[in-house]
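These are my notes on the two-chain model you sent.

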Amino acid sequence: MLSIRDLVTSYGNIEALRGISLDAAEGEVTCLLGPNGAGKTTTLFTIAGILTAKSGAVVLNGEDMTRLRAAEVVSRGIALVPENRLVFPRMDVEDNLRAGAYSRRASAAEIAADVADMYRRFPRLEERKDQLAGTLSGGEQQMLAIARGLMARPRILLMDEPSIGLAPMIVAEIFDIIRELNREGVTILLVEQNARMALDVAHKFYLIEGGRITFSGSPGEIEQDEVIQRAYLGSRQG
Amino acid sequence: MSDFWFEFVEITQTIGDGLFFGATYALIGIGFTLIFGAMGKLNMTYAAASLAGAYAGLAAFAFVDAPAPVVFLISALASGVLGFVAYLTCFRFIPINNHLAALMASIGGLFFIDEMVVHATDGSPLTFPALFDDVMFDVGPYGVRGDLLFVLAMCVAGTLALLYVLYRTRLGLATRAVSQQDVAAQLCGIDVHRTNATTFVLAGLLGGIAGAMTASAVGVLSPLITVPLTVKGLIVTVIGGLGSIPGAIAAGLLVGGFENFFLYFRGVNERDMYVLLLLFIFLVFRPQGIFGSGADRD
């Protein structure tokens with residue numbers, strides 16, 4: 001479904017991605033693991049069009065998305081739930097959700113129906129629908145960010161560290177949501193530092209170190225402890 | 001007793017007129033604050049472009065004898081176009097983090113527009129049309145000038161229209177999204193450049209109304225108004241709290257009333273000095289402004 005080939009992205013002279021290739025299959029949770037600074041967020045930002053690749057390709061269902069700008073990428077079916085949520089703090093919950101549907105040019109009735117759908121899925125958001133997003137708890141903001149991403153009706157949902165900065169109980173809740181979304185058929189590319197939780201939901205995983213994919217496989221295929229250790233600490237420079 | 005009463009009526013009348021005129025300051029303040037909210041930058045061309053818009057309206061008045069409503073409409077439209085030009089020349093292509101470059105470019109824009117006006121008019125004041133300037137309402141001991149009432153009504157209408165766009169339309173949703181979290185806005189499919197350009201045009205339209213109303217209340221349009229109006233606009237923006245629209249409204253009225261109060265007691269030459277003193281007091285004791293929370297920008 002989503003296919004990344006030899007992606008190279010740099011900040012000035014520093015190459016953050018040195019040729020990444022990975023595939024995310026339809027209906028699966030694909031997981032990208034790796035230590036800090038390995039290039040996980042850069043990968044997602046390049047796919048989403050916030051950053052522009054120096055070379056390589058991003059292809060979704062045969063359509064080349066490499067040079068598209070962020071606004072065009074999301075309207076073609078790739079939505080990113082960014083690290084640290086990045087909700088619109090001085091907008092209420094409902095406007096945050098509406099903003100998520102901006103790319104669709106849908107009618108007000110259609111958007112209202114999808115907002116209602118999100119409230120069914122995340123009842124806590126409905127309780128807080130008139131509250132400013134900046135006043136929500138971290139877990140609620142993460143739910144809002146996920147719901148906002150879903151409002152774009154993406155073909156694939158990219159999630160950047162959805163568990164970061166959340167209490168363990170809330171983390172478990174967020175991973176339940178990911179599992180639930182996947183059961184309903186949402187394709188997910190998940191970036192995580194919490195490797196143990198991530199491997200639990202993933203169908204396939206990639207390990208990224210120093211801007212390169214150093215390992216890939218299915219959970220259970222290999223010693224999980226080794227993957228987890230490398231995801232946190234990295235190994236030798238790949 | 002009756003002397004005191006007479007004086008009281010005089011003072012409150014003057015302050016009241018100031019509040020009415022302050023509505024134009026509020027509009028200019030809203031324009032500055034809108035752009036600051038969107039980009040975190042000051043568009044120094046703003047007041048000059050607003051008055052240049054009024055000059056465009058005046059041209060229609062001078063050459064084809066257009067009626068006052070048409071003059072006001074052309075003022076707003078021309079100022080909206082100038083807003084777009086200011087965005088393209090001073091903001092669009094300057095790296096987003098280079099605040100000083102954008103500030104200097106827009107100060108350059110301010111003087112460029114001002115010079116153009118001076119050359120086109122030889123720097124002499126020109127009569128600007130007003131509506132209802134022959135109407136006077138008596139409210140108890142007070143007189144309400146019809147033209148000032150119209151100025152206030154136009155400013156209120158402009159502000160309401162802006163709030164409608166910001167809070168009830170797709171365009172407004174995009175504008176607010178970009179101003180609060182520009183990365184997330186892009187991820188929602190919002191084009192940041194296009195949205196910022198729209199914000200400049202919206203602010204420009206509002207500025208054109210403010211420029212025309214200022215000229216209409218004063219009765220003349222002169223390049224000499226440019227710098228004082230820029231300064232007043234910035235004072236209103238700071239006193240209201242950078243990025244706060246309700247703050248700009250309150251501060252505009254406050255500055256308008258305040259300046260007439262000192263006009264009454266200290267005369268026109270000292271008036272602006274006290275307004276600057278008001279700014280100073282705010283900067284020391286409430287630097288976040290009337291409605292700013294201090295940590296409002298994220």
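**Notes on the model**

1. The contact between the chains takes 20 residues from chain A and 15 residues from chain B. Two residues are in contact here if their C-beta atoms, placed from the backbone, lie within 7 Å. On the side of chain B that touches chain A, the elements giving two or more residues are helix H6 (170-180) and helix H7 (182-187) of chain B. H6(B) provides the largest share of that side, five residues. By class, the side of chain B that touches chain A has eight nonpolar, four polar and three charged residues. Ala, Val, Leu, Ile, Met, Phe, Trp, Tyr, Cys and Pro count as nonpolar, Asp, Glu, Lys and Arg as charged, and the others, Gly among them, as polar.

2. A word on conventions. This is a predicted model, in which local features need pLDDT of at least 70 and side-chain atom pairs count only at pLDDT 80 or more, while totals for chains, interfaces and linings use all residues. Residues are numbered from 1 along each chain as its sequence is written, and chains are lettered from A and ligands numbered from 1 in the order in which they are written. Helices (H or I, at least four residues) and strands (E, at least two) are DSSP runs, numbered from the N terminus.

3. The largest nonpolar core has 161 residues, of which A:Ala48, A:Ala147, A:Leu158, B:Ala26, B:Val151 and B:Ile209 touch the most other members. Such a core is a set of buried Ala, Val, Leu, Ile, Met, Phe, Trp, Tyr and Cys residues joined through C-beta atoms within 7 Å. A residue is buried if 20 or more other C-beta atoms lie within 10 Å of its own, exposed if 12 or fewer, and partly exposed in between, with C-beta atoms placed from the backbone. Helix H1 (residues 2-39) of chain B gives the most to this core, with 15 residues. Beyond its neighbours within four places in sequence, A:Ala147 is in contact with A:Leu97, A:Met118, A:Phe122 and A:Leu125.

4. H1(B) packs on helix H9 (residues 226-240) of chain B at an angle of about 65 degrees, with the axes 8 Å apart. Axes are lines fitted to C-alpha atoms, for helices over the stretch in contact, and angles run from 0 to 180 degrees between N-to-C directions. That angle makes H1(B) roughly perpendicular to H9(B); angles under 35 degrees count as roughly parallel, over 145 as roughly antiparallel, 65 to 115 as roughly perpendicular and the rest as oblique. The crossing of H1(B) and H9(B) is right-handed. A crossing is left-handed if the near helix is turned anticlockwise from the far one by less than a right angle, and right-handed if clockwise. Residues making this contact include B:Ala26, B:Gly29 and B:Thr33 of H1(B) and B:Val236, B:Thr237 and B:Gly240 of H9(B). The residues of the contact of H1(B) with H9(B) divide into eight nonpolar, five polar and one charged.

5. Where does B:Ala248 sit, and what does it touch? B:Ala248 is in helix H10 (residues 245-266) of chain B. Not counting residues up to four places away in sequence, B:Ala248 touches B:Ala26, B:Gly29, B:Ile30, B:Thr33, B:Val236, B:Thr237 and B:Gly240. B:Ala248 counts as buried because it has 33 C-beta neighbours inside 10 Å. B:Leu27 is 221 residues away from B:Ala248 in sequence, yet the two are 7.7 Å apart, C-alpha to C-alpha.

6. H9(B) also packs against helix H11 (residues 268-285) of chain B, at about 25 degrees and with the axes 10 Å apart. The two helices are therefore roughly parallel to each other, and H9(B) passes H11(B) in a left-handed crossing. B:Pro228, B:Ile235, B:Val238 and B:Ile239 in H9(B) meet B:Asp272, B:Val275, B:Leu279 and B:Phe282 in H11(B). By class, this contact has seven nonpolar, no polar and one charged residues.

7. Two residues deserve a look at the backbone. A:Arg153, which is not a glycine, has a positive phi of about 50 degrees. A:Arg153 lies in the loop between helix H6 (138-150) and strand E7 (156-160) of chain A. B:Asp65 has a positive phi near 55 degrees and is in the loop between H2 and helix H3 (68-92) of chain B. With 10 C-beta neighbours inside 10 Å, B:Asp65 counts as exposed, whereas A:Arg153, with 15, counts as partly exposed.
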